[in-house]
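Thanks for coming. I will go through one model today, from single residues up to sheets and cores.

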Amino acid sequence: MNNFFGTDGIRGEVGVAPITADFLLKVGWAVGSVLRETEGGTASVIIGKDTRVSGYLFESALEAGFLSAGVNVGMLGPMPSPAIAYLTQAFGASAGVVISASHNPYQDNGVKFFSSKGVKFSDKVQKAIEEKISKPMVSVDSASIGKAKRYGQALGRYIEFCKSTFDKECDLSNLKIIIDCANGATYHIAEDVFKELGASTIMINNNPDGYNINRNCGATDTNQLQQEVLKQNADLGIAFDGDGDRLIMVDHLGEKVDGDELVYIIANAWKNNGQLKSDTVVGTKMTNLGMRKALGELELTFIEADVGDRHVMDKLINNDAILGGEGSGHIICLNKSTSGDAIIAALQILEVVSKSQKNLYDLKSKMTKYPQVLINIKTETDINVKNNSNLVDAINLTESKLSDKGRILIRKSGTEALVRVMVECNDLELATESANYLADVIKSM
């Protein structure tokens with residue numbers, strides 16, 4: 001049995017197995033069949049997508065697969081991933097489906113799923129789906145085929161939901177904000193949310209054409225946003241990724257504010273107002289040492305999860321906590337939504353800015369980040385990063401040089417054919433030298 005699910009659903013290059021129309025047809029059938037078996041024969045799903053041109057193809061394939069399994073389908077069109085998480089519950093669907101490759105370029109696509117409770121599918125459900133995929137596809141009889149319809153009111157419901165997470169007593173009318181939608185799924189939503197809450201907004205990269213999603217813009221490339229904030233003399237900038245579940249911000253000086261810093265700002269504010277449940281924050285193995293130290297100074301417990309928002313979510317639930325995230329911009333506020341939602345996370349930051357009367361630069365300055373060097377190495381073959389003797393020796397040598405001044409993390413990406421090398425150290429030159437050395441060792445494997 002193949003393991004199709006990675007860190008965040010099934011993802012890859014369009015037209016290259018498994019990201020093909022015939023495979024996603026079968027995925028729709030397999031997921032639908034598992035849902036029908038679980039719910040005793042009656043099931044429904046909603047399907048949303050980001051703005052990739054291949055979304056048209058895979059939307060149709062998944063729809064046909066679900067219908068052939070006897071599952072009713074609601075089509076939502078372009079919608080952020082967290083919107084699907086919310087709307088799955090709002091519409092009483094058995095599951096929500098998102099066609100997206102998140103922060104990847106348009107050449108990639110994929111699919112991820114939310115349960116009826118608005119959270120990612122469990123490992124148990126994913127295993128059942130993979131077992132079903134390995135079996136021949138058999139359609140239900142004609143009388144049992146599912147029906148499809150398109151929901152027209154979904155957009156407005158999600159916009160109102162986002163606004164409901166924000167304290168209406170806060171005044172945003174004095175803020176000038178640049179919003180970068182990455183030519184992705186927030187392009188027709190973000191402006192309404194922030195404008196209707198009183199902010200003055202200037203939109204960039206909100207004209208998707210199917211090919212420009214995440215291209216030199218959004219949460220994965222904030223250069224344009226940083227320049228625009230300075231050019232427009234704005235108070236801050238907000239960057240989303242292609243499917244709207246990652247948030248990176250820019251302060252009034254044009255400096256990038258990453259996910260670790262944003263989580264710290266929220267944690268500090270919620271600690272002070274008694275809102276931070278269990279006095280606990282969840283991060284990942286990639287979480288900056290500076291954030292860990294700053295949280296400790298606030299007497300907050302930091303819990304480390306594996307990389308990926310699904311793992312952060314598991315730790316939050318298991319530790320009765322409500323706030324977690326990643327430096328890449330996945331931020332989960334469980335008291336506001338059931339999934340990582342970039343728009344909602346941005347609203348929590350704006351609430352802190354409004355209530356504290358401090359700018360984003362001052363708020364982030366309470367935490368000092370350690371320099372972190374990250375190198376992504378493309379791999380053509382499967383590399384064993386844990387048991388290769390040359391790499392183990394190189395890691396041991398590097399750790400002896402870093403001593404207690406930093407740390408090393410080497411891992412395979414769960415979403416791309418990459419090995420990621422991360423070295424963190426209070427000495428940037430040493431971190432850079434160490435990361436380059438380890439990357440060269442991996443390239444020679």
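This is a predicted model: local features need pLDDT of at least 70, side-chain atom pairs count only at pLDDT 80 or more; totals for chains, interfaces and linings use all residues.

Residues are numbered from 1 along each chain as its sequence is written, and side-chain values use heavy atoms, with hydrogens and water left out.

Start with Gly-242. At 0% relative accessibility, Gly-242 counts as buried. It lies in the loop between strand S9 (236-240) and strand S10 (247-250); helices (H or I, at least four residues) and strands (E, at least two) are DSSP runs, numbered from the N terminus. Contact here means heavy atoms within 4.5 Å. Neighbours within four places in sequence aside, Gly-242 is in contact with Asp-50, Ser-102, Ala-182, Gly-184, Ala-185, Ile-213 and Asn-214. Its C-alpha atom is separated by 9.5 Å from that of Cys-217, 25 residues apart along the chain.

Now strand S5. How many residues of strand S5 (residues 108-115) are buried? Eight of the eight are, so S5 is largely enclosed by the rest of the structure. One side has Asp-108, Gly-110, Lys-112 and Phe-114, the other Asn-109, Val-111, Phe-113 and Ser-115, and both faces are covered. Two strands pair if DSSP finds at least two bridges between them. Strand S1 (residues 10-13) runs antiparallel to S5, joined by four bridges, with Arg-11 opposite Gly-110. Strand S4 (residues 95-99) also pairs with S5 in the antiparallel sense, over five bridges, and there Val-98 stands opposite Lys-112.

Next, an open sheet of four strands, in the order S13-S12-S14-S15, with mixed pairing. Strands S13 (301-305) and S15 (331-333) stand at the edges with a single partner strand each, so one side of each is left without a neighbour in the sheet. Within this sheet, strand S12 (residues 280-284) pairs with S13 in the parallel sense over five bridges, and the bridge partner of Thr-280 is Thr-301 in S13.

On to the cores. A nonpolar core is a set of buried Ala, Val, Leu, Ile, Met, Phe, Trp, Tyr and Cys residues joined through side-chain atoms within 4.5 Å. The largest one has 71 residues, of which Phe-194, Ile-238, Leu-247 and Leu-323 touch the most other members. Helix H11 (residues 342-356) gives the most to this core, with 10 residues. Apart from it lies another core, of 31 residues, among them Ile-10, Val-27, Ala-43 and Val-73.

Last, helix H5 (residues 154-164). Which of its residues are buried? They are Ala-154, Tyr-158, Ile-159, Phe-161, Cys-162 and Lys-163. What covers the buried residues of H5 includes strand S3 (72-78), helix H3 (81-90), helix H6 (190-196) and H11. That is where I stop.

Note on methods. Buried means under 20% relative accessible area, exposed over 50%, partly exposed in between (1.4 Å probe, protein chains only).
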